Amino acid sequence: MDDVKFGSYEKEDVTFLLKDLSGIDLEGSAEIREKQVQNGRHYSETLPIEEKPSDEYMDLFWSLLGSSKMEVALLTGIVAEQIYKTKGKNTVLVSLARAGTPVGVLIKRYIECKYGASLPHYSISIIRGRGVDENAILHILDQHKGREIQFIDGWTGKGAISRELQKSCMEICEQYGIHLDDNIAVLADPGHCSTLYGTREDFLLPSACLNSTVSGLISRTVLNEDYIKKGDFHGAKYYKEFEDIDVSADFVEIISREFPAVYSLAEKGLSREMAEDQLADFKGMDTVNKIASEFAFKNINLIKPGVGETTRVLLRRVPWKILIKDFNNPYIEHIQLLAKVKGVELVHYPDMDYACCGLIKQIKG
């Protein structure tokens with residue numbers, strides 16, 4: 001399992017530890033996949049169909065990126081400062097594909113830009129219900145003996161991935177005697193699932209608006225035993241057909257240019273975050289349980305709180321309703337546009353900690 005260039009990022013930015021499944025037909029319509037998943041098939045065995053974003057939607061993306069680039073740079077700096085001040089040059093950055101990958105690239109670049117330290121950065125798979133890619137973890141530890149891993153993701157929702165990583169790290173410790181830090185660094189932690197974050201506001205990372213075209217043209221990760229054997233990394237596809245609309249490099253470059261301007265602000269922000277209560281109490285689950293009760297959901301996996309997760313519901317699931325805390329929130333303009341295009345009902349729901357929440361349609365049989 002040698003490191004092979006995969007994805008559209010520069011090789012210096014990230015190494016994907018993923019098996020290339022590009023030649024395999026894994027996609028299915030949202031409706032077919034939703035029925036399969038809700039009837040027991042694991043979501044990681046297939047892929048959603050990725051569609052080219054409309055011109056109107058891309059205009060919204062660029063507008064959002066332009067207005068929020070300084071804030072994204074600042075949040076990146078706050079998180080990067082925490083990582084570097086606690087773990088230093090002995091760190092290996094490990095982002096969770098794929099939402100974590102652009103953030104991992106940004107954190108790597110910030111540390112290199114400010115401190116002149118080029119930290120190794122890998123992107124690996126973690127799958128709800130199946131855990132982190134153990135082969136990838138062992139490979140990283142073998143390549144960087146004595147170094148400490150720092151896991152990275154984009155944001156938190158209700159904390160499913162955080163709990164999945166905690167469980168996986170415990171199993172790795174029991175099996176190999178390897179102690180891993182299971183705290184995921186995120187730019188936005190509205191679910192209170194981490195103690196290493198930039199903000200706990202339900203802030204929209206512009207990268208959350210798009211799929212592969214802002215994540216190195218990599219698909220969601222796949223764990224299907226027909227293609228992934230015992231010694232393999234988890235898999236993914238490279239979407240070559242989207243190369244002409246790939247904005248992965250543009251996203252990183254635009255935000256990275258703001259780093260020098262936020263150095264002092266990031267250190268002040270770091271002091272503020274460190275002084276605040278950083279307890280990871282997963283309080284976002286209170287909102288999820290309340291919504292489950294009010295809307296008669298037996299499966300909380302169909303409730304996706306937070307602006308990032310709601311976006312995912314609209315892009316690749318079968319949405320039923322979208323709950324909105326404040327319709328004037330600028331972070332949810334793209335949510336309202338996607339809902340309009342797909343004919344999904346928007347419901348005013350002010351009593352929640354999140355900016356919005358996506359409810360997936362419950363499908364019978």
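Trainee: How many disulfides does the structure hold?
Mentor: Keep in mind that this is a predicted model. A disulfide calls for two cysteine sulfur atoms within 2.5 Å. On that test, the number of disulfides in the structure is 0.

Trainee: Is Cys209 buried or exposed?
Mentor: The cut-off for buried is under 20% relative accessible area. Cys209 has 2% relative accessibility, so it counts as buried.

Trainee: And what about Cys113, where does its relative accessible area put it?
Mentor: Buried ends at 20% and exposed starts over 50%, with a class in between. Cys113 has a relative accessible area of 42%, so the word for it is partly exposed.

Trainee: Let's move to Ser68. Which helix is it in, and is it buried or exposed?
Mentor: Ser68 sits in helix H2, which covers residues 55–87. Its relative accessible area is 4%, and the cut-off for buried is under 20%, so Ser68 is buried.

Trainee: Which backbone oxygen lies 2.7 Å from a polar atom of the Ser68 side chain?
Mentor: A polar contact has to be within 3.5 Å. At 2.7 Å from the side chain of Ser68, the backbone oxygen in question is that of Leu64.

Trainee: Which residues is Ser68 in contact with, leaving aside its neighbours within four places in sequence?
Mentor: Contact here takes heavy atoms within 4.5 Å. With the neighbours within four places set aside, the partners of Ser68 are Phe203 and Pro206.

Trainee: Now Val288. Where is it, and is it buried or exposed?
Mentor: Val288 has its place in helix H8, residues 284–294. Its relative accessible area is 0%, and under 20% is the cut-off, so Val288 is buried.

Trainee: Which residues is Val288 in contact with, beyond its neighbours within four places in sequence?
Mentor: Pro305 is one of them. Val288 and Pro305 are 17 residues apart along the chain, yet their C-alpha atoms are separated by 7.2 Å.

Trainee: Which element gives the largest share of the lining of the largest cavity?
Mentor: This cavity is lined by 33 residues, with Ile161, Arg220, Glu309, Arg312 and Arg316 nearest its centre. Elements giving two or more residues include helix H1 (30–38), helix H5 (160–176) and helix H9 (307–316). By class the lining has 15 nonpolar, 6 polar and 12 charged residues. The largest share, 4 residues, comes from H9.

Trainee: Which element gives the largest share of the lining of the second largest cavity?
Mentor: That cavity has about 110 Å³ of space. Its lining has 13 residues, and Ala99, Trp155, Ser207, Leu210 and Arg312 lie nearest its centre. By class they divide into 7 nonpolar, 3 polar and 3 charged. The largest share, 3 residues, comes from H9.

Trainee: And for the largest pocket, which element gives the most to the lining?
Mentor: The largest pocket has a volume of about 590 Å³. Its 30 lining residues have Glu51, Leu314, Leu315, Leu338 and Lys342 nearest the centre. At least two residues each come from H1, H2, H9 and helix H10 (333–342). The most, 4 residues, come from H10.

Trainee: Last one: which element gives the most to the lining of the second largest pocket?
Mentor: This pocket has about 350 Å³ of space. It is lined by 18 residues, and Arg130, Val132, Asp133, Glu134 and His234 are the closest to its centre. Two or more residues come from each of strand E7 (131–132), helix H4 (134–143) and H5. The most, 5 residues, come from H5.

Notes
Residues are numbered from 1 along each chain as its sequence is written. This is a predicted model: local features need pLDDT of at least 70, side-chain atom pairs count only at pLDDT 80 or more; totals for chains, interfaces and linings use all residues. Side-chain values use heavy atoms; hydrogens and water are left out. On a 1 Å grid over the protein atoms alone, a cavity is a set of points where a 1.4 Å probe fits but cannot get out, and a pocket is an open set with protein on both sides within 12 Å along at least five of seven lines; lining residues have an atom within 4 Å of a point. Ala, Val, Leu, Ile, Met, Phe, Trp, Tyr, Cys and Pro count as nonpolar, Asp, Glu, Lys and Arg as charged, and the others, Gly among them, as polar. Grid points are joined across faces, edges and corners, and a volume is the space filled by probe spheres set on the points. Buried means under 20% relative accessible area, exposed over 50%, partly exposed in between (1.4 Å probe, protein chains only). A polar contact is a pair of N or O atoms within 3.5 Å; within protein, one must be able to donate a hydrogen and the other to accept it, and residues adjacent in sequence count only if both atoms are side-chain atoms.
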